Amino acid sequence: MTQSKETIVGKPAQLRQHSPEKSEEKKNAEQKNTLKKRRFPRPILYTLAGLGIVTLIVLAFRPAPVPVDVGQVTQGPLQVTIDAEGKTQVQERYVVAASVAGRLQRISLEPGDSVESGELIAQLDPLPLNTQVRSAQARLQQLQAELAGVDTQRPKSQEMRQAEARLRAAAAEQQTARADATEARAALAQAERDRIRAQELEAAGAITRQQREAAELAETRQAQALESAQQELESAIANVAAAQEAIPLLRAEQRDPDYLLNAYEAQIAGVKAELANLADEAERTTITAPIGGTVLRVPEASARFVQAGDPLLEIGDSAKLELVIDVLSADAVKIKPGDTILVEQWGGPEALTATVSYIEPAAFTEVSALGVEEQRVNVIGTFANTRLEHSLGDGFRIEARIVIWEADDAVRVPVSALYRCDTAWCVFRVENGRAEPREVVIRQRSQTAAAVESGLLAGETVILHPSEQVEAGRKVEPR
């Protein structure tokens with residue numbers, strides 16, 4: 001058995017040694033037999049090839065996932081603010097102006113100096129006003145002297161009695177002259193009858209010519225006596241009329257000083273008013289501080305001539321500061337007194353807190369840096385602490401954020417995730433790698449986040465800045 005085995009095993013070796021070509025042919029035949037055993041049917045091969053090609057085509061034309069920026073819906077505190085620039089100013093600013101015109105002496109105070117209430121801060125030359133005061137005083141004394149002399153011009157009571165006595169005497173003389181004239185007229189009539197009778201008697205030869213001439217002479221004398229008596233009567237009548245006219249004149253003169261009194265008293269009152277005004281102006285040449293505080297500004301310290309109303313310096317209490325923040329009128333209607341103001345970029349390490357005191361009722365027009373006219377409103381705020389007197393001053397620039405709404409536990413979504421869908425707000429939520437649109441209700445929103453009332457939950461992922469490629473059901477992948 002052993003030999004036989006060796007013989008069988010050794011035979012191929014001998015064959016390989018003595019017939020190499022036959023061994024090679026035998027090997028090829030064996031390989032062909034093996035391939036025949038492994039060969040698949042042709043239909044299966046064609047089917048597999050077609051499926052591979054279709055798969056490649058599908059993979060080639062399948063849309064790739066859209067790379068997007070994503071954000072998280074969170075829950076926590078949120079503040080909605082109106083951001084604007086502003087400045088500080090002293091709450092009570094006093095502009096001290098020249099109360100009268102005059103020559104101003106040089107102002108020795110400088111900005112930053114402290115002054116006390118009532119302290120001398122500026123001086124005007126009082127000499128011209130003092131000269132006017134003395135002139136007014138002299139005119140007042142003159143008018144008072146003239147007023148006192150009015151009584152000396154008033155008619156005395158004895159003059160009135162003398163005038164009345166003269167009237168009575170003139171009336172008596174008038175009566176006497178009238179009686180004398182009547183008697184002279186009667187005597188002239190008798191002398192005229194005697195002359196006529198003497199002429200008739202002479203013609204009859206009863207009397208002599210001398211007697212007739214004596215009768216004519218007597219008539220002539222009586223005629224002259226009547227004329228003299230008539231003149232005396234007329235003189236007496238004139239004296240009575242003069243005496244009667246003198247009495248009303250004296251009475252009028254008694255009333256004339258009353259008019260003078262009123263005139264002088266009015267002039268005296270005017271001079272007194274002028275004197276009081278000049279005295280007041282003379283006192284106001286000394287200018288004192290209305291309050292205790294700090295000198296904020298001195299427009300010009302040099303000596304010069306100033307008019308009434310020219311500003312000399314500004315004083316205020318630098319420890320009592322307030323904020324002046326100008327905002328758009330459309331934003332001002334959202335602000336109300338009591339809102340919190342966060343003061344930033346003021347130079348300190350931390351933000352300061354202030355409160356809105358009031359909103360000015362009138363807006364003003366301001367041209368923006370882009371040349372656009374804007375209606376703006378000043379919002380006045382008061383600081384919440386008093387430690388700013390050594391940190392801030394008047395006119396310092398600040399950046400403020402006025403809090404118009406805040407919540408301690410709000411569902412927050414980034415503003416960049418919101419987009420308009422018709423009249424509502426929507427977001428694209430990422431779910432299983434695909435974009436799913438979701439309508440949301442927004443309560444308030446700030447510049448970075450919005451408070452969601454409904455539609456989203458904390459922890460959900462949303463797409464930021466969705467482009468036109470993002471559609472419902474489209475695959476997305478975070479960048």
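The following legends describe close-up views of a predicted model of one protein chain.

**Figure 1. Overview of the protein chain.** The protein chain contains 7 helices and 22 strands. Of its 479 residues, 30% are buried.

**Figure 2. An open sheet of 4 strands.** The strands follow the order β3-β10-β8-β5, and their pairing is antiparallel. The edges are formed by β3 (93-97) and β5 (114-115); each has a single partner strand, so one side of each is left without a neighbour in the sheet. At one end of this order, β5 is joined to β8 (residues 293-297) by 2 bridges, and these two strands run antiparallel. Val115 has Gly293 in β8 as its bridge partner. In a regular strand, side chains alternate between the two faces of the sheet.

Figure 3. Pro111 belongs to the loop between β4 (102-104) and β5. With a relative accessible area of 54%, Pro111 counts as exposed, because the cut-off for this class is over 50%. Apart from neighbours within four places in sequence, Pro111 is in contact with Val295, Leu296, Arg297 and Val298. A further pairing in space concerns Leu313: its C-alpha lies 8.9 Å from that of Pro111, although the two residues are 202 residues apart in sequence.

**Figure 4. Thr285 and its surroundings.** Thr285 is located in the loop between α6 (209-283) and β7 (286-288). The relative accessible area of Thr285 is 2%, so this residue is buried, the cut-off being under 20%. When residues up to four places away in sequence are not counted, Thr285 touches Val100, Ala122, Gln123, Leu124, Asp125, Pro126 and Leu129.

**Figure 5. Strand β12 and its two pairings with β13 and β16.** Strand β12 (residues 340-344) pairs with β13 (residues 352-359) in the antiparallel sense, over 4 bridges. Within this pairing, Leu342 has Thr353 of β13 as its bridge partner. Strand β12 is also joined to β16 (residues 397-414) by 4 bridges, again in an antiparallel arrangement. In this second pairing, Val343 stands opposite Ala400 of β16.

**Figure 6. The disulfide of Cys421 and Cys426.** A search of the whole structure finds 1 disulfide. Such a link is a covalent bond between the sulfur atoms of two cysteines. Here Cys421 and Cys426 are joined, with their sulfur atoms 1.8 Å apart. The angle about the S-S bond is 70°, and the link of Cys421 and Cys426 is right-handed. Cys426 has a relative accessible area of 7% and is therefore buried.

Figure 7. The rings of Tyr419 and Phe428 have centres 5.1 Å apart and planes at 20°, so the pair is stacked.

Figure 8. Most residues other than glycine have a negative phi. Asp422 is not a glycine, yet has a positive phi of about 60°. Asp422 lies in the loop between β17 (419-421) and β18 (424-431), and is exposed with a relative accessible area of 78%. Asn432, likewise not a glycine, has a positive phi of about 55°. Asn432 is placed in the loop between β18 and β19 (434-445). The relative accessible area of Asn432 is 76%, so Asn432 is exposed.

Note on methods:
Residues are numbered from 1 along each chain as its sequence is written. This is a predicted model: local features need pLDDT of at least 70, side-chain atom pairs count only at pLDDT 80 or more; totals for chains, interfaces and linings use all residues. Side-chain values use heavy atoms; hydrogens and water are left out. Two strands pair if DSSP finds at least two bridges between them. Buried means under 20% relative accessible area, exposed over 50%, partly exposed in between (1.4 Å probe, protein chains only). Contact means heavy atoms within 4.5 Å. Rings of Phe, Tyr and Trp (its six-membered ring) pair if their centres lie within 6.5 Å; planes under 30 degrees apart count as stacked, over 60 as edge-to-face and the rest as tilted. A disulfide is a pair of cysteine sulfur atoms within 2.5 Å.
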